[in-house]
Amino acid sequence: MRNKNEPERTSEEQLFKQLEKYPRQKLHKEDVERVTEMVRDYQGKIKAHLHEQQEKKTSRWDRLADHVAVLAGSWWFVTASAVTITVWLLVNSERNSLFILSFSLSILSLFQSTLIQKSQNRQAAKDKQEQMLDIAINYKAEQENLEIQQNLKELEVKLQWIELRLSARSRAKSRHGKAKAPRARQK
């Protein structure tokens, strides 16, 4: 009974063998474009599925953390905070008022930094998954690239064989034609 990982190992071994046989040969532009289009299509479908799965796993609090991170990183938030603090300082310049402002900003910073860190951790996990996906896609594209190279080599060998056969036929015809021509003149 075959293990599910066994075909993958076989394909990896084949890839390494093929890489050793054909080091870094260039493909034709059409082949590169074809492989690139296939990779983009494959990557788009997989990434869409990956994002869908990530959204299913995302809780309401995770979404809140993402929204806070987006808001806190905007110029609108910086401007609104600066205006609010400036107005507060102009209107309430008493010592107790400054203490309340400082305390409020500390509490805001505490929650804001925690939510931003949570959002960054989630984004890092997403980035890691996408990086793994990109590696897998690049591996698949390299396999396709090697298959195309192998097919091109086989076609090249076949064309060389056909050219040899055609040149041999044309030489044979020219020899027969030359051999018959003098006999015809003798008659």
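The exercises below, each with a worked solution, concern a predicted model of one chain.

Residues are numbered from 1 along each chain as its sequence is written. Local features need pLDDT of at least 70, side-chain atom pairs count only at pLDDT 80 or more, totals for chains, interfaces and linings use all residues, and side-chain values use heavy atoms, with hydrogens and water left out.

**Exercise 1. Fold and confidence**

State which elements the chain has and where the confidence is lowest and highest.

Solution.
- Step 1. Helices (H or I, at least four residues) and strands (E, at least two) are DSSP runs, numbered from the N terminus. The chain has five helices and zero strands, in the order α-α-α-α-α from the N terminus.
- Step 2. The predictor's confidence in each residue is the pLDDT, from 0 to 100. Its average over the chain is 77, and 73% of the residues score at least 70.
- Step 3. Helix 1 (residues 6-21) has the lowest confidence, with a mean of 48, while helix 4 (residues 75-91) has the highest, at 92. The pLDDT is below 50 over residues 1-9, and this stretch has zero contacts (heavy atoms within 4.5 Å) beyond near neighbours in sequence.

**Exercise 2. Burial and a surface patch**

Find what share of the chain is buried and which residues form a nonpolar patch.

Solution.
- Step 1. Buried means under 20% relative accessible area, exposed over 50%, and partly exposed in between (1.4 Å probe, protein chains only). Of the 187 residues, 16% are buried.
- Step 2. By the Shrake-Rupley method with a 1.4 Å probe, where for residues only the protein chains shown count as cover, the chain exposes about 15900 Å², 58% of it from carbon and sulfur atoms.
- Step 3. A patch takes residues with over 30% relative accessible area and no salt bridge, joining like charges within 9 Å and nonpolar side chains (Val, Leu, Ile, Met, Phe, Trp, Tyr) within 5 Å. Phe99, Ile100, Phe103, Ile107, Leu110 and Phe111 form such a nonpolar patch, with about 640 Å² of accessible area together.
- Step 4. Leu110 belongs to helix 5 (residues 95-186) and is partly exposed at 48%. Phe99 is exposed, at 59%.

**Exercise 3. An aromatic pair**

Classify the ring pair of Phe99 and Phe103.

Solution.
- Step 1. Rings of Phe, Tyr and Trp (its six-membered ring) pair if their centres lie within 6.5 Å; planes under 30 degrees apart count as stacked, over 60 as edge-to-face and the rest as tilted. The count comes to one aromatic pair.
- Step 2. The ring centres of Phe99 and Phe103 are 6.4 Å apart and the planes meet at 15 degrees, so the pair is stacked.
- Step 3. Phe99 and Phe103 are four residues apart in helix 5, which means a separation of about one helical turn.

**Exercise 4. A salt-bridge network**

Work out which residues are linked in a network of salt bridges.

Solution.
- Step 1. A salt bridge is a side-chain nitrogen of Lys or Arg within 4 Å of a carboxyl oxygen of Asp or Glu. The structure holds three.
- Step 2. Asp62 and Lys118 meet at 3.2 Å, N to O. Asp62 lies in helix 3 (residues 60-72) and Lys118 in helix 5, so the pair ties together parts 56 residues apart in sequence. Asp62 is buried at 13%, whereas Lys118 is partly exposed at 40%.
- Step 3. Arg122 and Asp62 form a salt bridge at 4.0 Å, N to O; this pair links helix 5 and helix 3 across 60 residues.
- Step 4. Arg122 also bridges to Asp66, with the closest N and O atoms 2.3 Å apart. Arg122 is buried at 15%, and Asp66 is partly exposed at 22%.
- Step 5. The network therefore links Asp62, Asp66, Lys118 and Arg122.
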